[in-house]
Amino acid sequence: MHWMPRSWRWWLAWLLLSLAGALLLAQQALQREEAAFETDARIAHRLLSQRVVAHDAVLAMLALLQPDDAALARLPSVYSQILAIRRSDAQAPWAEPALREAEARSRAAGQPALADLDVGSGRYRLVLAAAPASYALQIDVASMVPWDEWPMARERSPVAVALVLGDERLPVQAGRSLAHGWSYGFSKALAAPSQPFALVATRTVGWSELPWGRMLALSALVAAVLAAARWLRAQAAARRRAEALLRLGQVGRLNALGELAAGMAHELNQPLTAVLASTQAARRLVAEDPPEIATARTAMDQAVAQARRASEVVGRLRRAVERPELGAALQAVDLPAAVRRALDLLEPELQRRAVVLQLDGAATGLQVRADPVALEQIVHNLLLNALQALEQVPQTERRLALTLAREQAEGVLAVQDSGPGLAPEVLPHVFEPFFSTREGGLGLGLSLCESLAQGMGGSLSAANARLRGGVFRLRLPLAEGAAA
């Protein structure tokens, strides 16, 4: 499993939030377009229904009043959609079969009847049977539309409107046809049964009509909010990282001082004890038969006093800096979580050095028995040593692999770098106090880590990787209940 840079998480969050916001804005825009389309279609249906009902009323008036030809000639000037008015009586029956048939149907139904439909010219004829004369109207569909009250701009509107009768279609408004987009439809019969047309309206919303400006503005706003959140989070993380590093540094210095004091006490206490014993014996021997008893006794007394004083100083130093036993602080610790915390602390260093990190086995829970602070210090020191080794190779070759595994009753952390590795003459001494191959190094870091690991019942080992670089393995006993 490769370690995912946190920046990708922010980019993913921005992408998901932007997409969600864009979808919401697009849905709202489509709902508004659908509502506007529905409203316009219903208004158009009402206006055309009023016109076809008026045709029935005109025919009923003609049948009732039976006007002369002069009155019939003036009527189209009042109704612009009526192109012509014809009359038929017993003396002059309809010559056209379509009109005769419509008159028969009208007489049987007691209402006007549709005679024929000319799709090419956009016209139709309507007949009402009456006595003594029947009447027929020729109606132009385009002139029938009240454009001054029409809810849509005839030339620019994307809505297509037509009067449909069976398979025949009389266009009213051309609209706009799109191959792709979101389509809405409306169909409803007009209010006059004598003219059984259905008003059919269609509308297709194209991709270009989506609110791209608002969608881009929302995306920019999300980016700004996430950038601010990321900056605040980075500041908080940097503050926590600095505090953790300070705490680790303090613990490390105290532990290193403890190691130093313990080593000094161990190295100095034995010779001082020997000096004390020798001077006391010399004092007794000189006191028996010395040539200069007073002088020898005085010198020996001074040596004894100085030796005791040195022993007391070393003892006080050791008691002041000696670490408490780790055994009392041991507890169940999640080893992968400790590794991730150490990686979080060193994330800026990893990025600055352009190190490619691989972390395997972190997904499985691995509980070890350890002191949390001591374990964190060991992992931190091992990662720092690996980063220092990687500085000796080009950036393109810097690899750091961390492997977590369970081996019998132990949890194992392996830290492997792609650095130059450990020289054969250096390998046996890496854990010795005050041994360091780095200029300015004290040589106490790995020695301290080994001491801490042993104090928790574990071990720390070093070796060269099979292909390249060094590998350090930390082994700690599994916590109770985790050994299964």
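This report describes the fold, salt bridges and selected residues of a predicted protein model.

Residues are numbered from 1 along each chain as its sequence is written, and side-chain values rest on heavy atoms, with hydrogens and water left out.

## Overall composition

The protein chain contains 10 helices and 15 strands. These elements are DSSP runs numbered from the N terminus, with helices (H or I) of at least four residues and strands (E) of at least two. Of its 484 residues, 38% count as buried; buried denotes under 20% relative accessible area, exposed over 50%, and partly exposed the range in between, with a 1.4 Å probe and protein chains only. The protein chain exposes about 26,900 Å², of which carbon and sulfur atoms supply 57%. Accessible areas come from the Shrake-Rupley method with a 1.4 Å probe, and for residues only the protein chains shown count as cover. Among contacts (heavy atoms within 4.5 Å) with a separation of 6 or more, 69% involve residues 24 or more positions apart.

## The five-stranded sheet

An open sheet of five strands has the order S10-S12-S13-S15-S14, with mixed pairing. Its edge strands, S10 (356-360) and S14 (459-464), each pair on one side only. The average twist from one strand to the next is 15°. Two strands are taken as paired if DSSP finds at least two bridges between them. Strands of a sheet pair through backbone hydrogen bonds, either parallel or antiparallel.

S14 and S15 (residues 470-477) run antiparallel and are joined by six bridges. Asparagine 464 stands opposite glycine 470 in S15. Two helices pack on the sheet. Helix H7 (residues 335-345) touches S10, S12 (399-407) and S13 (410-417), and its direction makes about 165° with that of S12. Helix H10 (residues 445-455) touches S14 and S15, its direction making about 135° with that of S14. Axes are lines fitted to C-alpha atoms, for helices over the stretch in contact, and angles run from 0 to 180 degrees between N-to-C directions.

## Salt bridges

A search of the whole structure finds 16 salt bridges, each defined as a side-chain nitrogen of Lys or Arg within 4 Å of a carboxyl oxygen of Asp or Glu. Side chains of opposite charge can pair when their charged atoms come close. Three of these pairs are listed below.

| Salt bridge | N to O distance |
|---|---|
| Arginine 42 and glutamate 38 | 3.0 Å |
| Arginine 125 and glutamate 96 | 2.7 Å |
| Glutamate 410 and arginine 475 | 3.7 Å |

Arginine 42 and glutamate 38 are four residues apart in helix H1, and therefore about one helical turn separates them. Both are partly exposed, arginine 42 with a relative accessible area of 44% and glutamate 38 with 27%.

The pair of arginine 125 and glutamate 96 links distant parts of the chain: arginine 125 lies in strand S3 (residues 123-128), and glutamate 96 lies 29 residues away in the loop between strand S1 (82-89) and helix H3 (97-109). Arginine 125 counts as buried at 14% relative accessibility, whereas glutamate 96 is partly exposed at 27%.

Glutamate 410 is partly exposed at 26% relative accessibility, and arginine 475 is partly exposed at 22%. Elsewhere, salt bridges that share partners join Glu33, Arg176, Arg203 and Glu209 into one network.

Valine 205 lies in strand S8 (residues 198-205) and is buried, with a relative accessible area of 1%. Residues up to four places away in sequence aside, valine 205 touches Leu30, Glu33, Leu178, Gly181, Trp182 and Tyr184. One of these, Glu33, also belongs to the salt-bridge network. The C-alpha atoms of valine 205 and valine 159 are 9.7 Å apart, and the two residues are separated by 46 residues along the chain.

Leucine 15 is placed in helix H1 (residues 6-65) and is partly exposed, with a relative accessible area of 41%.

Methods: This is a predicted model: local features need pLDDT of at least 70, side-chain atom pairs count only at pLDDT 80 or more; totals for chains, interfaces and linings use all residues.
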